[in-house]
Amino acid sequence: MNFDNLRTSLNIDIIKENYKNHLNLTLGKDLSNSTLWDKFFALSLIIRDRVIEKWLETKKKYYENNKTKRVYYFSIEFLIGRLLYNNILNLQIEDKIKEALDELNISLDELSQIEPDPGLGNGGLGRLAACFLDSIATLGYPGYGYGLRYEYGIFKQIFENGYQKELPDDWLKNGYPWEIERKDKTVKVKFYGKSEAYTDKNGNLRFRWTDTYDILAVPYDVPIVGFGNNVANTLRLWSAKPINEFDFDNFQKGNYVKATESKAIAEAISKVLYPNDAFYAGRELRIKQEYFFVSASLQDIIRRFKAQYGNNFKLFPEKNVIQLNDTHPALAIPELMRILLDEEFLPWEEAWEITTKTFAYTNHTVMPEALEKWEVQLFEKLLPRHLEIIYEINSRFLNNVSKKFPNDLQKIRNVSIFEEGSTKQVRMANLSIIGSFSINGVSKLHTEILKNKVFKDFYEIWPEKFNNKTNGITQRRWLLQCNRKLSKLITEYIGDNWVIELDQLKKLEKYADDRTFLDKFYEVKQDNKINLSNYIMNNLGIKVDPESIFDVQIKRLHEYKRQLLNAMHIIYLYFKIKENPNIDIYPRTFIFGAKAAPGYKMAKLIIKLINNISEVINNDPDVNEKLKVVFIPNYNVSLAEIIIPAANVSEQISTAGKEASGTGNMKLALNGAITIGTLDGANIEIKECVGDDNIFIFGLTAEQVTKLKESRLYNPYEIYLKNETIKKILDSINSGFFSKENPNLFSDIFQSLLFGINGNQPDEFMLLADFDSYKTKHKEIDQLYRDKYSWNKKALLNVARVGMFSSDRTIKEYAEEIWKIEKI
């Protein structure tokens, strides 16, 4: 394939000329009147030129090789973060670009900060998907991501008087240089209507979905660049558009709102990530989103397959594998069945064999609310044909189960796709398991919980389907890009092979007693802490001491993640200092970053509590030299890239047995933070890797939590009465100490811990049971940090020993053990 070398050259003069040309001819600006945004956009376009060259070559290779088997990663979220620096690093052209920009008197670092974070995800699920795409491309596997192009992301978080307020995240308002609209690949997605039975010319009973309301799915492609290997894969994101944007007849009649109604209805599907599903309209929109993106994606995959292999659908699972990232894409299973049955006219048995050989399912949670269930009446209204197919799948499956386990009615109830009750519901996890050839958890503990508890009945039916794939993170983003000083130090001592083989970090172990190296290691951490301190001062007006311990908890706000336990410990320290201002406590800065779902009242109340605690502590001269509390709003990938390199302590304190894996724990350990955590999720495997002496483990185990709950002997109110420290903390929350303007503001927190609210058990997530153990480990942290040599040694051993948590390792396991795909 021939390219104009002037658009892809790495000659410094040509890069400069490219930059000016894009500024002048693409954006209509020149250097003298261009804004920072213009300069960022022009730079992005010259990088994109060099990406597209590799992107087209990659696609050509995939099509030229008839042996290619492709993996398609279906995810409702892709938290990809800023791409400018990421693409420059993966193309390995940083020095050339910097040199060209320096000659134009332009700062690459300044321009890279202009880029908005794409609003395509919220938390760990979406960031994992982004890491996986990076690794798939870097390892050279033929892979595609499919998701939704959210116009407004989840939301932009600000704090007003300590309360979370959600604003639209208008990340696309100025355009997005990395996406390419593909109108020629637009497909129709159907909703509503009815299912009609008919007999075909051969006398076979067939079905067709008629009288539907159709919406267009327009794809936007974002190239995903592999590191240093000339591979660029595709993330295809779907945007919803109406078939007819404007009703001229209604407009002529003066019905101006009605004239654009279809546009508003259609585009709502891809407006916002996770609309509030606390009410019916929100649930309807959620299921619309999920079906819209899987239907469009499957149509696209089948188009690509038929262009290469015709109608030989027996080859379909040999050439395609679809990984479902949790249950959000589970509707892909009945949708593929519908297409094969109703449009390709395959018999049921053949269609089902193809389907069950195509899909693999990753479960990401044991939390009930994340095991999606949708009312049957929603399906009857929105997806009537799919409901018929799901009923048939369930009937055939339960018939087989009843033969294998006769008279076991409880097992049949447990594994049925339908949950009976006052409101009949479709259980999407059950559908995912029945329709997939592989079911994997994302940490050893999580997978064991799935096999022995959450999906125990399915495991007894299909033990061979279940496997573990411990999550990982891409070191290109989470060390090379976000912590350049540490990356440079590591490379100086062990070379740069770790960028593609993270296990190479083990070579750092030989420097664990090297004081010269440890001093440099410490200096890097301090520089990163100064950088974060400056960010906090400039954006929040809070002065923090870089010499203090930076204690970090950054993750989605949920009760099981126990930000409240952290807050309780902060209150404990506050009162200790107030009682004795001369107490010997090493200065500590507690840093939070978290968004709460808009409809999650308790999570939002915990945010308010932490902000109020911050207000009290930061303005109290008796304590604010020893304690500071900072809640940084609008936590996202770019903020994580500033916070993580600066962290000393990594708070991974979820209730044991609740966190599937976690990936923040991996990112923080990789950057030299020492974990304080429970034996939950991937914390267990981190402990195995870094060693018992280099991690602070506290609290009940998952087994102990289960036994204590099952015994019904856990009485948090009794702990409250007997434990003076806990009583003082909870009384301060309940009495209005941190909410003098409204003394009852936090009473629900008090009630939930001691008596339970909204039908939940008291202290559902065992904060009071674990508090003393947590407090004790924090005292150990306080003592250890005073010995800089010992602390830095342990921190370095964390960096050196977490190589197995690269997403490259995870993806190799998926590719070899589940997907059965080969590198191109």
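Which helices and which strand each supply at least two residues of the lining of the largest cavity? Before I answer, a word on the model: this is a predicted model, in which local features need pLDDT of at least 70, side-chain atom pairs count only at pLDDT 80 or more, and totals for chains, interfaces and linings use all residues. Residues are numbered from 1 along each chain as its sequence is written, and side-chain values use heavy atoms, with hydrogens and water left out.

To the cavities, then. On a 1 Å grid over the protein atoms alone, a cavity is a set of points where a 1.4 Å probe fits but cannot get out, and lining residues have an atom within 4 Å of a point. Points are joined across faces, edges and corners, and the volume is the space filled by probe spheres set on them. By this rule there are six cavities of 30 Å³ or more, and the largest has a volume of about 130 Å³. Its lining is made of 13 residues, with Leu83, Asn86, Ala130, Asp134 and Ile224 lying nearest the centre. The answer to my opening question is helix 4 (84-91), helix 7 (124-138) and strand 9 (213-225), where helices (H or I, at least four residues) and strands (E, at least two) are DSSP runs numbered from the N terminus. Helix 7 gives the largest share of that lining, four residues. By class, the lining holds seven nonpolar, three polar and three charged residues, counting Ala, Val, Leu, Ile, Met, Phe, Trp, Tyr, Cys and Pro as nonpolar, Asp, Glu, Lys and Arg as charged, and the others, Gly among them, as polar.

Helix 4 also packs against helix 3 (residues 36-64), their axes coming within 10 Å and crossing at roughly 40°; axes are lines fitted to C-alpha atoms, for helices over the stretch in contact, with angles from 0 to 180 degrees between N-to-C directions. The contact, meaning heavy atoms within 4.5 Å, includes Phe40, Leu43 and Ile47 of helix 3 and Leu84, Asn87, Ile88 and Leu91 of helix 4.

My last pair is helix 24 (residues 563-579) and helix 31 (residues 724-735), whose axes come within 10 Å and cross at roughly 100°, which makes helix 24 roughly perpendicular to helix 31. Among the residues in contact are Met568, Tyr572 and Phe575 of helix 24, and Ile729, Leu730 and Ile733 of helix 31. By class, this contact has seven nonpolar, two polar and two charged residues.

Terms used: On a 1 Å grid over the protein atoms alone, a cavity is a set of points where a 1.4 Å probe fits but cannot get out, and a pocket is an open set with protein on both sides within 12 Å along at least five of seven lines; lining residues have an atom within 4 Å of a point. Angles under 35 degrees count as roughly parallel, over 145 as roughly antiparallel, 65 to 115 as roughly perpendicular and the rest as oblique.
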